[in-house]
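Here's a walk through a two-chain model, written to be read with the structure open beside it. Take a look, then follow along below.

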2 protein chains.
Amino acid sequence: MSNTNRRKFLGTAAALCAGAAAASASPLQPADNRKPLIHHVFFWLKKPGSKEDRDKLIEGVKTLSRIETIRKIYVGKVADTEKRDVVDASWDVSEMIFFDDPNGQATYQTHPIHLEFVKNYSHLWDKVVVYDAMTV
Amino acid sequence: MSNTNRRKFLGTAAALCAGAAAASASPLQPADNRKPLIHHVFFWLKKPGSKEDRDKLIEGVKTLSRIETIRKIYVGKVADTEKRDVVDASWDVSEMIFFDDPNGQATYQTHPIHLEFVKNYSHLWDKVVVYDAMTV
């Protein structure tokens, strides 16, 4: 490969890789090479243990993924791990969202999709606990 | 570019991109195309707000990343987000670990590196709360 071709190759290869990285940066499966702000939310249902209400709330939380400042979102239910004193397994649905920074989280709080979610699904939950962690 | 060169180029470019993807698949920044078990831990220090003890504990939690069943680990401190009733900002250090499944988490619990961490750092904390979530 001549030097000119080599330069062209490296430039185009870099562009291809960057394209691949950008393609993977969807809200559900982004590249994660930053130190994200992680917004953890745990919901306790009004009808604890109701599979129907849990599934409805899971459906609702998943609608949040369309908010543009969300880099990743993981929706969860209680895992089947060992019962230990320190483990809180009393909740029903979890939501974990990665933002780039506190501004991303602030935008999310007042975003129409988030407000719509609260309007349509908040009747299902009795209690919410939020932990906002900045990755170090 | 000739057809032969083009084929060579595409082959080499693909190898480069694959290399970049593999390089990012370390315990700290893996690819995340599965539905992980997420192990969330929040620590409250015996000396709340002590920067020195917080930094020591952060150092300790980071040693856990060498445990082979850990797919990702994020260590955090309280983020500078809006104070709201639902936000618990009373903790000092967070640890969020992705495992492939409950077995990965069980292996971690009794792993020598984890036991060493508890031995060396548990004098720093007063309270721990754990949430184990299975991604849905």
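## Ground rules

This is a predicted model, so local features need pLDDT of at least 70 and side-chain atom pairs count only at pLDDT 80 or more, while totals for chains, interfaces and linings use all residues. Residues are numbered from 1 along each chain as its sequence is written, chains are lettered from A and ligands numbered from 1 in the order written, and side-chain values use heavy atoms, with hydrogens and water left out.

## Chain A at a glance

Chain A has four helices and four strands, and from the N terminus on they come in the order α-β-α-β-β-α-α-β. Helices (H or I, at least four residues) and strands (E, at least two) are DSSP runs, numbered from the N terminus.

Of the 136 residues in chain A, 45% are buried. Here buried means under 20% relative accessible area, exposed means over 50%, and partly exposed is in between, with a 1.4 Å probe and protein chains only. Chain A exposes about 7000 Å², and carbon and sulfur atoms supply 54% of that (areas come from the Shrake-Rupley method with a 1.4 Å probe; for residues, only the protein chains shown count as cover). Take the contacts in chain A between residues at least 6 apart in sequence: 77% of them join residues at least 24 apart.

## Strand S2 of chain B and its partners

Which strands pair with S2(B)? One is strand S4 (residues 125-135) of chain A, which runs antiparallel to S2(B) and is joined to it by three bridges. In that pairing, Ala133(A) sits opposite Val78(B). The other is strand S3 (residues 93-99) of chain B, again antiparallel, with five bridges, and there Ile73(B) stands opposite Ile97(B). Two strands count as paired if DSSP finds at least two bridges between them.

S2(B) itself covers residues 72-78, and five of its seven residues are buried, so the rest of the structure largely encloses it.

Thr81(A) sits in the loop between strand S2 (72-78) and strand S3 (93-99) of chain A. Is it buried or exposed? Thr81(A) is buried, with a relative accessible area of 8%. Setting aside neighbours within four places in sequence, Thr81(A) is in contact with Leu37(B), Gln105(B) and Asp132(B).

Val128(A) belongs to strand S4 of chain A and counts as buried at 17% relative accessibility. With neighbours within four places in sequence left out, Val128(A) is in contact with Val41(A), Phe42(A), Phe43(A) and Val86(B). Val128(A) and Val93(A) are 35 residues apart in sequence, and their C-alpha atoms are 9.8 Å apart in space.

Which residues of helix H3 (residues 102-109) of chain A are buried? They are Gly104(A), Gln105(A), Tyr108(A) and Gln109(A). Seen down the axis of H3(A), these fall within an arc of 140 degrees, so they line one face of the helix; the arc is that of the directions from the helix axis to the C-beta atoms. Their cover includes strand S1 (37-45), S3, helix H4 (112-121) and S4 of chain A.

Next, His111(A) lies in the loop between H3 and H4 of chain A and is buried, with a relative accessible area of 11%. A polar atom of the His111(A) side chain lies 3.0 Å from the backbone nitrogen of Ile113(A). Leaving out neighbours within four places in sequence, His111(A) is in contact with Ile67(A) and Glu68(A).

Technical notes. Contact means heavy atoms within 4.5 Å. A polar contact is a pair of N or O atoms within 3.5 Å; within protein, one must be able to donate a hydrogen and the other to accept it, and residues adjacent in sequence count only if both atoms are side-chain atoms.
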